[in-house]
Amino acid sequence: MTVTSEFQDHMFSLGLARVSEAAALAASGFVGNGDEQSADRAAVQAMREALNLIDIAGTVVIGEGERDEVPLLYVGEAVGTGNGPDVDIALDPLEGTTLTAKDMPNALTVVAMGPRGSMLQAPDVYMDKLAIGPGFEAGVVSLEMSPAERIAAQATARGCAASEIKVCVLERPRHEALIAEIRSTGAAIRLITDGDVAGVMHCADGATGIDMYMGAGGAPEGVLAAAALKCMGGQMFGRLVFRNADERGRAIKAGITDLERIYGLDDMVTDDVIFAATGVTDGALLPGVKRTGGWVTAETLIMRSKTGSIRRMIYRTPVSNS
């Protein structure tokens, strides 16, 4: 059999959905039991095993951490069979370990794949993020604007009052001033406790009621969110935030030379990618894994940026096989 070295996204989309699905099924056994570490460990192991069944020569560029910190799915780890195209893999085997352990909404498993060199290898530091959904002219909002200016600009573009804009923000002490400024405009806020990949995705899905995402969260998660938005449509901007010299050193080690750069969506994800997410707990984007009537059911979003296609796939299997 001849193995192609070309990244054929349509050929790999089902395989990537199975990767996300496997991690969600593994993590779902720990929903509500208070054990974050076991839930994460199960998801990581299942995702790695599923990735290694795909005919790719993959390299993890966004993963669980540095090699000396984590044993599996670390940045730089080779995944796949090795028989296929060179690809970048960005992943979070369980986005929302706390959400899973506490049986709270919006825990997901997420993974993205693109040609080698297509995704920014972001260091493990904070990133100031701004995202909106599709349908707006380029540059309607920017990181250089104040939060109030961003809301006013989007409201003008929509032809609505600021009070009709809803912003998603991570509930953290560092965001107290941001939250106060947003509320001063009359805009509404949906505060989330964890899961800012899902938070960014919310602004591109009209059913969630979210118009904009703002705030600082993990830079690796920012790249994953950018991969999702590349498929769903929308605009996203990110700027790395450094708290000390060690964090600046991590960025330099990752090959970043301009530490003040503002990254647009196409800077963080430079080529067409595929993205998969599976619900672990019920959320605005996806239902969680269900065990009822002797069956286990999981639902996955699989998206391709090349075509803009979004599929929902429902997997059902007897409990004994899960």
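Student: What does Arg250 form with Asp246, and how far apart are the closest N and O atoms?

Tutor: Arg250 forms a salt bridge with Asp246, and the closest N and O atoms are 3.2 Å apart. The term stands for a side-chain nitrogen of Lys or Arg within 4 Å of a carboxyl oxygen of Asp or Glu. This is a predicted model, in which local features need pLDDT of at least 70 and side-chain atom pairs count only at pLDDT 80 or more, while totals for chains, interfaces and linings use all residues. Residues are numbered from 1 along each chain as its sequence is written, and side-chain values use heavy atoms, with hydrogens and water left out.

Student: How many helical turns separate Arg250 and Asp246?

Tutor: About one, because the two residues are four apart in helix α8. Helices (H or I, at least four residues) and strands (E, at least two) are DSSP runs, numbered from the N terminus. Arg250 is partly exposed at 35% relative accessibility, and Asp246 is partly exposed at 47%. The classes are buried (under 20% relative accessible area), exposed (over 50%) and partly exposed in between, with a 1.4 Å probe and protein chains only. Helix α8 (residues 245–253) also holds Ile252, which is exposed at 55%.

Student: How many salt bridges does a search of the whole structure find?

Tutor: The search finds twelve. One of them joins the side chains of Glu77 and Arg48 at 2.6 Å, N to O. That pair links distant parts of the chain, 29 residues apart: Glu77 is in the loop between β1 (57–62) and β2 (78–79), and Arg48 is in helix α2 (residues 36–51). Glu77 is buried at 4% relative accessible area, whereas Arg48 is partly exposed at 25%.

Student: Which residues of helix α5 are buried?

Tutor: In α5 (residues 176–184) they are Leu178, Ile179 and Ile182. They fall within an arc of 95° seen down the helix axis, so they line one face of the helix. That arc is taken over the directions from the helix axis to the C-beta atoms. Glu176, Ala177 and Ser184 are exposed on the other side of α5. The elements covering the buried residues include α4 (147–158), β6 (166–170), β7 (188–192) and β8 (212–218). Just after the helix, Gly186 has a positive phi of about 95°.

Student: What joins the side chains of Asp196 and Lys129?

Tutor: A polar contact of 2.5 Å. Such a contact is a pair of N or O atoms within 3.5 Å; within protein, one must be able to donate a hydrogen and the other to accept it, and residues adjacent in sequence count only if both atoms are side-chain atoms. Asp196 is in helix α6 and is buried at 5% relative accessible area. Contact in general means heavy atoms within 4.5 Å. Leaving aside neighbours within four places in sequence, Asp196 is in contact with residues including Glu95, Lys129, Leu170 and Tyr213.

Student: How is the protein divided into domains?

Tutor: The bounds come from an automatic or database domain assignment. That assignment gives domain 1 (9–117 + 273–318) and domain 2 (126–268). The contact between them takes 24 residues from domain 1 and 20 residues from domain 2. The centres of the two domains, taken over C-alpha atoms, are 23 Å apart.

Student: What area is buried between domain 1 and domain 2?

Tutor: Buried area is the accessible area (1.4 Å probe) that two parts lose on being put together, summed over both. Here it is about 1700 Å², of which carbon and sulfur atoms give 77%. Across this interface the rule finds zero salt bridges and three residue pairs in polar contact, both residues at pLDDT 80 or more. On the side of domain 1 that touches domain 2, the elements that each supply at least two residues are β3 (86–95), α3 (97–101), β4 (108–115), β13 (295–304) and β14 (309–318). β3 gives the most to that side, with four residues.
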